[in-house]
Amino acid sequence: MKIRLASNNDLDFILNMYNQIWEERENNIEELRNIVKSVISNKDSDIFIVTINENDIATFTLNYRLDLWSIWKALRLTAMIVDQEYRSKWIWTKIMKWVEKYWKDNWFSIIELLSWIKRVNAHEFYRKNWYNVIEYGFIKAIKKFKNKYV
């Protein structure tokens, strides 16, 4: 298993991964493509691609932030998605071990995991690996009008 930084050449693969878990969500594919491009070029986030035998099998995003509330240097793991054909606990476990090594090597204080509420298998995996639920997040949808949010 190899893990590498994503590039714009990986856009179609990343979008395919998002579609595997967000089937029931309404997503404008071009808007999602632009968001992924933005994250790839962002200095505060990195998207990674996981490969086995030259096959792309997973993606995840790491966000780097300083939490001013707690004065922690936080590593936030979001959107860890393994292709349906390769889903097994050992792949998730290997990715998490890689993330935890990255966390230690780069002197982060905490790892935060963000996961969509309907991804119960992912939540169970995190709990089994000693991650605790400590807060809830809330979202309010804002309508787009003439390319601006109102």
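Q: What does contact mean here?
A: Contact means heavy atoms within 4.5 Å.

Q: What kind of model is this?
A: This is a predicted model, in which local features need pLDDT of at least 70 and side-chain atom pairs count only at pLDDT 80 or more, while totals for chains, interfaces and linings use all residues. Residues are numbered from 1 along each chain as its sequence is written, and side-chain values use heavy atoms, leaving out hydrogens and water.

Q: Let us start with Ile21. Where is it found?
A: Ile21 belongs to helix H1, residues 11–21. Helices (H or I, at least four residues) and strands (E, at least two) are DSSP runs, numbered from the N terminus.

Q: Is Ile21 buried or exposed?
A: Ile21 is buried, because its relative accessible area is 12% (buried is under 20%, exposed over 50%, partly exposed in between, with a 1.4 Å probe and protein chains only).

Q: And which residues is Ile21 in contact with, leaving aside neighbours within four places in sequence?
A: Ile21 meets Ile81, Arg87, Trp116 and Arg119.

Q: What does H1 pack with?
A: H1 packs with helix H2, residues 29–41, at an angle of about 120° and with the axes 10 Å apart. Axes are lines fitted to C-alpha atoms, for helices over the stretch in contact, and angles run from 0 to 180 degrees between N-to-C directions.

Q: Which residues make that contact?
A: H1 contributes Leu11, Asp12, Ile14, Leu15, Tyr18 and Asn19. From H2 come Ile29, Leu32, Arg33, Val36, Lys37 and Ile40.

Q: Changing topic: how many residues are in the largest nonpolar core?
A: There are 24, of which Phe60, Leu62, Met80 and Ile95 touch the most other members. Two or more residues each come from strands S2 (45–52), S3 (55–67) and S4 (72–82), and from helices H3 (89–105) and H4 (120–128). Apart from this core lies another, of 16 residues, including Ile14, Leu32, Ile40 and Ile81. A nonpolar core is a set of buried Ala, Val, Leu, Ile, Met, Phe, Trp, Tyr and Cys residues joined through side-chain atoms within 4.5 Å.

Q: What is Leu62 in contact with, beyond four places in sequence?
A: Its contacts are Asp44, Ser45, Asp46, Phe48, Leu75, Arg76, Leu77, Trp98, Val99 and Tyr102.

Q: And Thr61, buried or exposed?
A: Thr61, in strand S3, counts as buried because its relative accessibility is 6%. Excluding residues up to four places away in sequence, Thr61 touches Tyr18, Val39, Ser45, Asp46, Ile47, Arg76, Leu77, Thr78 and Ala79.
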